[in-house]
Amino acid sequence: MTPLSTLNVAQRLLYLQDLDLLLKDAQDVGTRELWHKAGLHVSGFAQLQQMRAEVASSIAPRILDLYERIFRRYGRALVPVREGTCLGCFVKLPSGVTSPSVASDEISACQSCGRILYWI
Amino acid sequence: MTHDEAGSASGTRVAGFLTPEHFLPDLRAVNRLEALRELVDAVAAVRSIREPGGILRVLRDRETLGTTAIGKGVAIPHGRSLVVARPLLAFARSQHGVAWDAPDGEDVHLIFLLLAPDAPSSRTPYLEQLAQLARVVALARNRNRLRLAHDLDTVRAVLMS
């Protein structure tokens, strides 16, 4: 498994978002009921919260604060970019907006909806 | 639509995601993490997913939340992420069995990997597909057919049953 230290900031944010969505699922009554019917039970919630804290602490406070504000507003902070379009608001990005370099500690946000862009 | 009709429609949809490249009739892995890696590598090899490391992390974290083994030799690892472009199902069979922390303590022989894009619109179908898979494998005759299946058509037929 890739250690956290080798992930760039966008990958850490994605990791954080995936954990947040899983924790949200685990607290959702409908999802839990369905998991239960399928024979699946939640036992590691606290452990997952610990992992979430570890990932969050590896992200610069300025970026983490931005992520958390957007996540609260939209239910997701990161959105994919495909063919130059933000898949959060479906607005075409200006031609100057490109994927940050792999090693970059910077992120790009959609100028239209403000969500953090993730190139896939 | 009746409950049975809804279940059948869901089964048809989920079976449609299963392609020959996503059928691993003889998994080599002997533990859960190795099995997840082997499955993810297989689907990444045919470019069904990008960023396999991210997908593996999602699946590992889901296992941390609680095992996806449901007993009677079956596991349904599953996850959603924005790095998944479209819904995906892979099916693997292990002849020797994989330790998966199952509630009944049995090793796992039948593994369904279910992945979906992270979009609000994909959440409900994905959960329905998970429920449908669990319903199918709850029947001993279906599990037996899956363990003996020689080809993908048989697997698909069981999923649509």
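Predicted model: local features only at pLDDT ≥ 70, side-chain atom pairs only at ≥ 80, totals over all residues.
**View 1. Chain A is built from four helices and three strands.** Along the sequence, the order of elements is α-α-α-α-β-β-β. The C-alpha atoms of chain A occupy a box of roughly 50 × 30 × 25 Å along the principal axes. Chain A has 120 residues, and 28% of them count as buried. Take the contacts in chain A with a separation of 6 or more: 64% of these join residues 24 or more positions apart.

**View 2. Chain B is built from six helices and six strands.** Its elements run α-β-α-α-β-β-β-β-β-α-α-α along the sequence. For the C-alpha atoms of chain B, the box is roughly 40 × 35 × 30 Å along the principal axes. Chain B has 161 residues, and 43% of them count as buried. A compact globule with 161 residues would have a radius of gyration near 15 Å. Chain B has 14 Å, so the value agrees with a compact globule. Now take the contacts in chain B between residues at least 6 apart in sequence. Of these, 69% join residues at least 24 apart.

**View 3. Chain A meets chain B.** On one side, 27 residues of chain A take part; they are in contact with 24 residues of chain B. Which elements of chain A give two or more residues to this side? They are α1 (9-27), α2 (29-38), α3 (45-57) and β1 (78-82) of chain A. α1(A) gives the most, with seven residues. By type, the residues on the side of chain A that touches chain B are 18 nonpolar, seven polar and two charged.

**View 4. α3(A) packs with α3(B).** Two packed helices are described by the angle between their axes and the distance between the axes. In this pair, helix α3 of chain B covers residues 52-65. The angle is about 140°, and the axes are 7 Å apart. Are the two helices oblique or roughly antiparallel? Roughly antiparallel needs an angle over 145 degrees. At about 140°, α3(A) is therefore oblique to α3(B). From α3(A), the contact uses A:F45, A:Q47, A:L48 and A:M51. From α3(B), it uses B:D61, B:T64 and B:L65. The residues of this contact divide into four nonpolar, two polar and one charged.

**View 5. Helix α6 of chain B has buried residues.** This helix covers residues 152-160. Which of its residues are buried? They are B:V155, B:V158 and B:L159. Look down the axis of α6(B): the buried residues fall within an arc of 100°. They therefore line one face of the helix.

**View 6. A:L93 sits in a loop of chain A.** The loop lies between β2 (85-86) and β3 (116-119) of chain A. Is A:L93 buried or partly exposed? A:L93 has 17 C-beta neighbours inside 10 Å. A buried residue needs 20 or more, and an exposed one has 12 or fewer. A:L93 therefore counts as partly exposed. Leaving out residues up to four places away in sequence, A:L93 touches A:V81, A:G84, A:T85, A:C86 and A:C110. A:L14 makes another reference point: A:L93 and A:L14 are 79 residues apart in sequence. In space, the C-alpha atoms of A:L93 and A:L14 are 20 Å apart.

Definitions and conventions:
Residues numbered from 1 in each chain as written. Chains lettered and ligands numbered in written order. Contact = placed C-beta atoms within 7 Å. Nonpolar A, V, L, I, M, F, W, Y, C, P; charged D, E, K, R; others polar. Rg over C-alpha atoms; globule rule 2.2 N^0.38 Å. Axes fitted to C-alpha atoms, helices over the stretch in contact; angles between N-to-C directions. Parallel < 35°, antiparallel > 145°, perpendicular 65-115°, else oblique. Arc of directions from axis to C-beta.
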